[in-house]
Amino acid sequence: MYIVTGGAGFIGSAMVWKLNQMGIDDILIVDNLAKTDKWKNLVNLRYEDYIHRDQFFKFILEGDDPFKTDAVIHMGACSSTTEQDADFLMENNYRYTQMLCRFCLQHDVRFINASSAATYGDGQFGFDDDHEGIDRLKPMNMYGYSKQLFDLWAKRGGVLDKLVSLKFFNVFGPNEYHKDDMKSVICKAFHQIGETGEMKLFKSYKPEYPHGGQKRDFVYIKDCVDVMWWFLQNPQANGIFNIGTGQAREWNELARSVFSAMDVEPNISYIEMPETIRDKYQYFTQANMSKLVEAGYDKPFTSLEEAAKDYVQNYLAQEDPYLKS
């Protein structure tokens, strides 16, 4: 049994898709569907059962493993970088992950956890996933801090060599449609361009970056799940790892890739950035991917242009845009 927490969410449901692609459907999905549209991510997928997050937590607290689990892929968390309820993030992102990790260690179960590039803050200490450097990182929002806390806990407890914690950079791709304001800019841009013929980007407030020249490491969801599958097949590889392409690209380049995929002439305008996020905005992110390569992963990552083309033409523009097993 493979257990995927957050299995109806963006990365979680994509991982279920990947497992299906590899012929696996002995999967338990853990999530909190509530009144969201996340359930639509599951319609085209194959899995054994679904269980609510709170019910699953009871099993964890009891310490038993009634599922005979091979691996837990823990993608379940509040992923909103603007979430203001710090106590909720402490409980949902940090404490729950801690408990689940202990369960996996107790039962010798492979544990793959979603950390985040938000742990790097403004990047003043670089974007290296070495274990020695994580103590000095200063996240710029509570979401990033909740992810950082687990990595620090795992380091202090001496268990980083028994698990995988993945620092995802700017992930985009199918099955993110339910994420409202947290959808990728590519997803938002497709609809914005379709409705107005124009794409709006934030202005820059740093002279070294032109408007739209802020840079991020954009990584396609299909590459992310390929990496996670590799970790499932290589249990000797453990620790904290970046998941990005290793190449920072401008928002302007991303915009042009969407226009190109839609076969529309580029038309970009620049708008004021809300004051509430100006002092927390990351102007540059770029994953150092050498550690993953040294661990043995050698599959190339999809270029921004090719990924945008696949996402726009084969998913966003389709009547049924979800990943299909």
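**Entry 1: Lys 38**

I noted first that a residue counts as buried when its relative accessible area is under 20%. The model I examined is a predicted one. I looked up Lys 38 and found a relative accessibility of 13%, so this residue counts as buried. I located Lys 38 in the loop between strand E2 (27-31) and strand E3 (49-52). I then listed its contacts, leaving aside neighbours within four places in sequence: Lys 38 touches Ala 8, Gly 9, Asp 31, Asn 32, Leu 33 and His 178.

**Entry 2: Ala 34**

I stayed in the loop between E2 and E3, where Ala 34 is also found. Is Ala 34 buried or exposed? I recorded a relative accessible area of 62%, and the cut-off for exposed is over 50%, so Ala 34 is exposed. I also read its backbone angle: phi is positive, at about 45°, although Ala 34 is not a glycine. I noted for comparison that most residues other than glycine have a negative phi.

**Entry 3: Asp 108**

I looked up another residue with a positive phi. Asp 108 is not a glycine either, and its phi is near 55°. I placed Asp 108 in the loop between helix H3 (86-106) and strand E5.

**Entry 4: Gly 123**

I moved to the loop between strand E5 (110-116) and helix H4 (142-156), which holds Gly 123.

**Entry 5: the largest nonpolar core**

Which residues have the most contacts inside the largest nonpolar core? I found Phe 168, Met 228 and Phe 231, in a core of 105 residues. Helix H6 (residues 221-233) contributes the most to this core, namely nine residues.

**Entry 6: H1 and H6**

I next examined how helix H1 (residues 10-21) meets H6. Their axes come within 9 Å and cross at roughly 60°, and the crossing is right-handed. On the H1 side I listed Phe 10, Ile 11, Ala 14, Met 15, Trp 17, Lys 18 and Leu 19. On the H6 side I listed Ile 221, Lys 222, Val 225, Asp 226, Met 228, Trp 229 and Leu 232. By class, this contact has 11 nonpolar, no polar and three charged residues.

**Entry 7: H5 and H10**

I turned to helix H5 (residues 185-196) and helix H10 (residues 304-316), whose axes are 11 Å apart at an angle of about 55°. The two helices are therefore oblique to each other. Their crossing is right-handed. H5 contributes Ile 186, Cys 187, Phe 190 and His 191, while H10 contributes Leu 304, Ala 308, Tyr 311, Val 312 and Leu 316. I counted the classes as eight nonpolar, one polar and no charged residues.

**Entry 8: H7 and H10**

I finished with helix H7 (residues 251-261), which packs with H10 at about 45°, the axes being 9 Å apart. This angle makes H7 oblique to H10, and the crossing is right-handed. Glu 253, Leu 254, Ser 257, Val 258 and Ala 261 of H7 meet Leu 304, Glu 305, Ala 308, Lys 309, Val 312 and Gln 313 of H10. I recorded six nonpolar, two polar and three charged residues in this contact.

Conventions:
Residues numbered from 1 in each chain as written. Predicted model: local features only at pLDDT ≥ 70, side-chain atom pairs only at ≥ 80, totals over all residues. Heavy atoms only, no water. Core = buried A, V, L, I, M, F, W, Y, C linked by side-chain atoms within 4.5 Å. Buried < 20%, exposed > 50% of the residue type's maximum accessible area, 1.4 Å probe, protein only. Helix = DSSP H or I, 4+ residues; strand = E, 2+ residues; numbered from the N terminus. Axes fitted to C-alpha atoms, helices over the stretch in contact; angles between N-to-C directions. Parallel < 35°, antiparallel > 145°, perpendicular 65-115°, else oblique. Left-handed = near helix turned anticlockwise from the far one by under 90°. Contact = heavy atoms within 4.5 Å. Nonpolar A, V, L, I, M, F, W, Y, C, P; charged D, E, K, R; others polar.
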